[in-house]
Amino acid sequence: MIKNPAPMTAEKKQFLAMRGITKSFPGVLANDAINLDIFNAEIHALLGENGAGKSTLMKILYGFYRCDSGQILINGQQVTIHSPHDARLHQIGMVFQDFNLIPALSVAENIALFLPNLPAVLNIKEINQRILEVSKRYDLQVNPRAMVSQLSIGEQQKVEILKLLLAEAHLLILDEPTRVLAPHEVEALFKVLDSLRKDGYAIVQITHKMKEVLERADRITVLRGGHLAGTLSQAEASEEKLVALMFEKKLTSLQVGHKTVTEKSSAPLLELLGVETHGEGAETSLKAIELEVHPGEIVGVAGVSGNGQKELGDLVLGMVRCSRGRKLLFGKDFTNQSVQKVRRSGVGFIPENPLTMAIAPFMSVLQNMALTRTWRYSRAGGLSIDWPAVKADVEKTMGRLEFSFPLYVPARSLSGGNLQRMVIIREMTQEPRLIIASYLTRGLDVQSAIAARQALVQARDNGAGILFISEDLEELFTLSDRLIVLYAGTIAGSFKPEETTFFEVGHLMTGSEVHHVQIN
Amino acid sequence: MSKLTETFTHFPVVRQKALQAAVRYLLMILFAFLMFGLILLISGKDPLQSYKDILSSTLGSAYGFSEVIVAMIPMLITALAVALPSRVGLINVGGEGQLYLGAAFATFGALTFSSLPAWLLLPLMVLLGMLGGALWAFIPGYLKSIGLVNETITSLLLNSVAPKIIGFLIFGFWHSPMDTVKTANFVAAARLPTFFGTRIHLGLVFGLVLLLVFWLVMKYTRWGLEMRAIGSNPQAARRNGIPLSKYLVIVMCIGGAIAGLAGMAQVSGFYGVLLLNFSMSLGFMGFMICWLAGGEPLGIVLMSFVVAVITTGGNLLQLTRDLPYAVINILLAFTLFVVLARPTFFKGTKS
Amino acid sequence: MTILSILGVLSSAIFSGTSLLYTTLGEVIGERAGIVNLGLEGVLLVSASSGFAVTYLSGSPYLGILVSILAGGLMNMILGYLAITRKANQLASGLALMFFGFGLSALIGKPYVGEKIHSLTRYLLPGTTGLPRVYSSLFKFDILIYLVIPVAFLIWWLLFRTRWGLGLRAVGENADTAYASGRNPRLIRYQALFAGGMLVGLGAAHLSIAYTMNWTEYMTAGRGFIAVALVIFSKWHPLRAIVGALVFSGAVAFQLLLQSSGVQVSPFLLDTIPYILTLVVLIAWGGNRKHSAPASLGRVYQGSE
C-alpha cells in the first residue's frame, strides 16, 4: 500500500492545542499550567534554557510522560495520549536528542521498524522505493541500504525525520536538532523544514539557540522555569525581547561573602593552549580552546549544557584525550596524562551528577571519602587503611564548611544535596590547588546551593584556582572573577563580569554574535 | 552480586537480614530437594530412601564426611577464582581452562623435577600451577582492558582449547607406558600430603587460607577498597584516579592463578596423576557456587559444602539405586534453578 | 592423499557437521534476539536422548525426530523463563540448564544405551549414481542432511525478510527501541528461544538418530560449546554458518586424513583450530568499533514497567 504523505492545504489552521499542562517531578515543577497552540503548516520554536520545561512538555505530548493535569486537543477534540504508540496513532512524531536508531540495521530497516502497516513478509524494494520518493521530495537524501552505523550524525537525523514522515506523522517534534550539526548541515535542515512546512506539516523545534529560530520560525514560544513566558510571532520577535523572556533577572539575594581583590600575579595553575578534542557520536568536540586559570580566581564558564562543558571538565581531569594542543598543570606538561597523575598533582573535581560520576553508590560515605587519595591513607604498604585519619580529615573539613551528614550509611541513600556536599567535602579535604566544579548547584535546594558556593569561595580565598561551570547566570555573575562563554565547543567570549551583562552573555550562549558594548 | 555483599558486611542493621537470607536459601534448597524427589518418584525410585542414603553416606560416617570435604576442595578454590574478578565487575567463566593449564604446568614440574624433595617440589608446583592459570587468564583480561573483546566470550573459547592442549601434552610427551590417557603417577614428593588417613589433602588449607585472605584484603586493604570502588562504579573510580585498566588485567590474572592452583591441587593432591578431562565441569561449578554465594567467602564455603554433599551422594545413588551418576546433576540444577528464579514466595533483595 | 580420502573427509564433515549446523542456526536465532545459551550442551543431550528413546520404542525415526524437536524447544523455555521473566543472569541460567541436561538425559537415556534403532533411509546424492561404488557410498545422505542447507536459507529469509525477523533483530540490538516501536521484547525473545530450541533439537536428532544411531552419556562431546563459538565465527549470520560448520567439523575429519597420509600432527592440536580461529577473528574485528554481536546480547531487559 503505497501512500505518499499528501500535502495539506496551507491554511493556518490550529492543529493541536495543549491547555493547562502541569507536570511535577519530585522536588521540581517542570510545567506549570502551560498553554500552547500549534498550527498546521508552521514552524513553531519552543525556546528556553535548560530546565525551562521544554523537553518535558513535548514528552508529554509524545506520550512519554503523563501530565498531572491539563488537556490535549487535536482539531478541537480532546485526546488521551498515554504512550508513544498512542501519539503515533495521532500522527505525532518526535525525534529525540539521542536518536532512536539501531546502528547495526540499515536505514530502510530502521524506518520499516516503525511503519504502522508493515506486511508480514517485507518487501524491501517497495520500502526503498517509498524512502527514495519521500527523501527526494524533501531533500533528505540517504541511501536506504546503508547501515546506520556508517552514517554521519547529520544523515542519521535525516533518517529519523524520514521515519516520522513514512509513519505518516503530521506533527513533527524535533528536540534540539541543530545541536549536533555543522553549520552547513544546519542550513540544509532548515531548508528541509521549510519544504515540509509548505506541504502543511506542523513542526515544533525545541531549542535554546535563539538566533537560529529568529528568522526561521513562524512563531516562538518561550518557556522559563516551567512557566510560559510568552509567545511571539515572527514579526513581533526580536533578540532583545527573546533574551528578556528567556533570562529574567532573579531577585534572590545571594549571600556569598566578599570577593577579595586578588592580583593576577602568580603563575597559572591551568593552561590550555590550542586544545582540541574529538568527540564521539553525540559528544561535543572542543575546538581552539585557549584558557588560563590562576591561583585565587574563579573562572566561570557559562553556556547551555551540551555545548562542551562536560568535555571541558573531563579534558582537564584527563578522562578525555587532546587531539591537538597542550595542557599544562602547575607549569608542567600534562597533556594526555592519566587521571591518577592529574589528581595526585592537586586537582579536584566536582561533577554535575555525583551519583553516577563520582561515587561508589553501594559503599559507605566514609569509604567514598577515601577513594580519591587512597595512597595517603594506606598503611603498611596498602595492607590497611587508616580510617580514623580519613574520619579526622573529613570532620575537619566538615567543620570548616559547616556541612554535616552521616558517615556510615551507603552513599546512595543520601539525598542529591547531601551527595553533592559529600563530594565537595571529599574534594576540599585534599586541599586541591585547582578545582573543576561542574554544575555545582544543579538540583540542589537553596540551602545546599548557598553552602556549596561558600565552600568554593573559601577555597578561592585560600589560594585555589577554580574552573566554575554553570548554567545559572546569577550565580556566575556573582562568583566569577572572570567569565567565559562556551558555545558549540568553542569559547565564544571572555570578559570580567563587571564588563558585561546578562543580555550579552545570553546572546553568546544562544549563538548570536553581539558587539561587545560597555554597559554600566 | 558484590553489591549485595557490600551492604551485608558493613551495616550492622543489615546483619540480621543476613540471617534472613540464610534461612531463605535453606528454604530454596529444600524446595529443590523436593522437586528432585519427585523426579526420583517418577523414575520408580523411592525418594525418601534415596535421600536417606545420600545423607548417611555423606554425613553419616566419618569417611563419608571426609569424602565430602575432598570434593569440596576444588570447588572452594574455583569459586574464589570467580569471586575475585567479580569484585571489579569481571565475569570469569574461564575457570575450566585456567584449571587445566595450572594442572599442566604443575605436572610439568612434577615430571621434570621428580628428584627434588617435597618441600622444594611442592611449592614449585604451586607456583607453576598459578603461573599457568594466570597466563590463561591474561588473554581475556588484557583484551577486555583495551576494550577489544568481552572477557566472557574469550574465556569460554579458551576453555575449550585448554583440555585439548592437555591431551596433546599427555599423548605427545607425558603419557605413562601403560595408559595413553594419563601420565605416569607422580612421585611421592609431588603429592600434596593428606590428613587423618582420609583423602583430604593440603588443598583444603590452600582454599580456606585463600578465602580468608580474600576476605581480609577486600575488607581492610587499600586494594580491596579500590577494587570495590571499581565494581561499584567503574567510571567514577576512573575519575577518582583509580587505575582501571591495570586493575582489570591484574585481577583477572590473579583469578586465573587461583583457578590454576585448584588444578594443581587436584592433580597433586587428589589424583596423583594428570588425567585427560579430569575436570568434571569444576570450573563451571565454581562459577555457579560463587554466584549462589553472592561472591561472599563464607557463602562460598557453605555452598561448596552443599554442592559437594550432592555430588558425593550421587556416587551412592549410582551404586545402590541403579541410577547413572549423572542424574545427580538434576538435583544440582534444581537448586540452581530455584535460586536463579528467586520466587517471590521467598522474598528478598535482588542483586 | 587420494581423491578418495579427500572425499572421505568431505563426506565425514558433512555427516558430522549437519547436527552442528542445525544447532548453530538455532543459537543464532536466540542470540540475535539477545539471549546467549551456555546450556546448549544440555539441550542437545536431552533432545538426543529423548529422540533416541522414542525412536527405539516406536520404531519410527520420524516420531523420534519430532520428539527431539519438541524437547529442544521446551528446554530452551526453561532458559527463557529464568532469563526473561525472572530476569536472572543469562550465563548462570545457561550453565544451570547445562547441568540439568546432563542429568535428565542420563536418566532418560539409560535404558537405551547400546540399543539399535531403525534409522533414516539414506539416499544417494543425485548425480553420483554413475560413480563406482566406493565413491558413491560416500554420498548416501539422509533427508536431514539434504534439508540442512535449505533450512539455513529459510532461517536467513526469516531473519532478514520478514516482519518478525526484523523485530527480533531489533530486540537483540536495542530492546528499548524495539519497545518504542510498539513491540513486546519479552514475547519476541520467548519466540526466538522456542524456534531456536526446535532447531537445536533437530540437530540433536540428527546426531543420535541418523548419524551415530546410538545413545551414550555425554555423547555430544562439547558440540554445544562448539556451536557457541561457531555462532561468533559466523558473525551471527545463518549463511556464513554453513561455511563455518564445514570448517569446524572438517577439522575433525581433516586430522584423520593427515594421520592416514602419515603426517603426524596431534589431533588435539587440530581440534583447537576452530576455537583459535574464532578468537583471531574476534580480535580482528575488535579493532573495528562496530562489533558484529547483537548489541544487547546478554543484557537483561528491564522493561519500562
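Two strands count as paired if DSSP finds at least two bridges between them. Helices and strands themselves are DSSP runs numbered from the N terminus, with at least four residues of H or I for a helix and at least two of E for a strand. With that settled, take Ile72(A): its bridge partner in S5(A) is Val79(A). Strand S4 (residues 69-74) of chain A and S5(A) pair in the antiparallel sense, over three bridges.

This is a predicted model, in which local features need pLDDT of at least 70 and side-chain atom pairs count only at pLDDT 80 or more, while totals for chains, interfaces and linings use all residues. Residues are numbered from 1 along each chain as its sequence is written, and chains are lettered from A and ligands numbered from 1 in the order in which they are written.

On confidence, the model scores ipTM 0.87 and pTM 0.84. The pLDDT, the predictor's confidence in each residue from 0 to 100, averages 87 in chain C, where 93% of the residues score at least 70. Within chain C, the lowest confidence falls in helix H5 (residues 133-136), with a mean of 74, and the highest in helix H3 (residues 61-85), at 96. Where pLDDT is low, the predicted coordinates should not be read in detail.

Back to the strands of chain A. S4(A) and S5(A) belong to an open sheet of four strands with antiparallel pairing, in the order S2-S1-S4-S5. The edges are S2 and strand S5 (77-79), each of which pairs on one side only. From one strand to the next, the twist averages 25°. Helix H1 (residues 54-61) of chain A packs on this sheet and touches S1, S2 and S4; its direction makes about 115° with that of S1(A). Such angles run from 0 to 180 degrees between N-to-C directions, and axes are lines fitted to C-alpha atoms, for helices over the stretch in contact.

Strand S1 (residues 14-25) and strand S2 (residues 28-39) of chain A pair in the antiparallel sense over eight bridges. Phe25(A) has Val28(A) as its bridge partner in S2(A). Two residues lie between the strands of this hairpin, and Gly27(A) takes a positive phi near 90° there.

Further along chain A, five bridges hold strand S11 (residues 270-276) and strand S14 (residues 324-329) in an antiparallel pair. Here Leu273(A) has Arg326(A) as its bridge partner in S14(A). S14(A) is also joined by two bridges to strand S15 (residues 332-333) of chain A, and these two run antiparallel. Leu329(A) stands opposite Lys332(A) in S15(A). The hairpin of S14(A) and S15(A) has two residues between its strands, and Phe330(A) takes a positive phi near 50°.

Now for the helices. Two packed helices are described by the angle between their axes and the distance between the axes. In chain B, the axes of helix H5 (residues 95-112) and helix H6 (residues 118-145) come within 7 Å and cross at roughly 145°. Residues are in contact if their C-beta atoms, placed from the backbone, lie within 7 Å. Those making this contact include Gly97(B), Leu101(B) and Phe105(B) of H5(B), and Leu121(B), Leu128(B) and Trp136(B) of H6(B). By class, the contact has 16 nonpolar, seven polar and no charged residues (Ala, Val, Leu, Ile, Met, Phe, Trp, Tyr, Cys and Pro count as nonpolar, Asp, Glu, Lys and Arg as charged, and the others, Gly among them, as polar).

In chain C, helix H6 (residues 143-161) and helix H7 (residues 163-173) pack at an angle of about 75°, with their axes 5 Å apart. That angle makes H6(C) roughly perpendicular to H7(C) (65 to 115 degrees; under 35 is roughly parallel, over 145 roughly antiparallel and the rest oblique). Leu158(C), Leu159(C), Phe160(C) and Arg161(C) of H6(C) meet Gly165(C), Leu168(C) and Arg169(C) of H7(C).

Finally, the chains meet one another. Chain C and chain B each put 35 residues into their contact. On the chain C side, H4(C) gives the largest share, twelve residues. That side divides into 23 nonpolar, eight polar and four charged residues. Elsewhere, 27 residues of chain A are in contact with 21 residues of chain B. H10(A) gives the most to the chain A side, with four residues.

Methods: Two residues are in contact if their C-beta atoms, placed from the backbone, lie within 7 Å.
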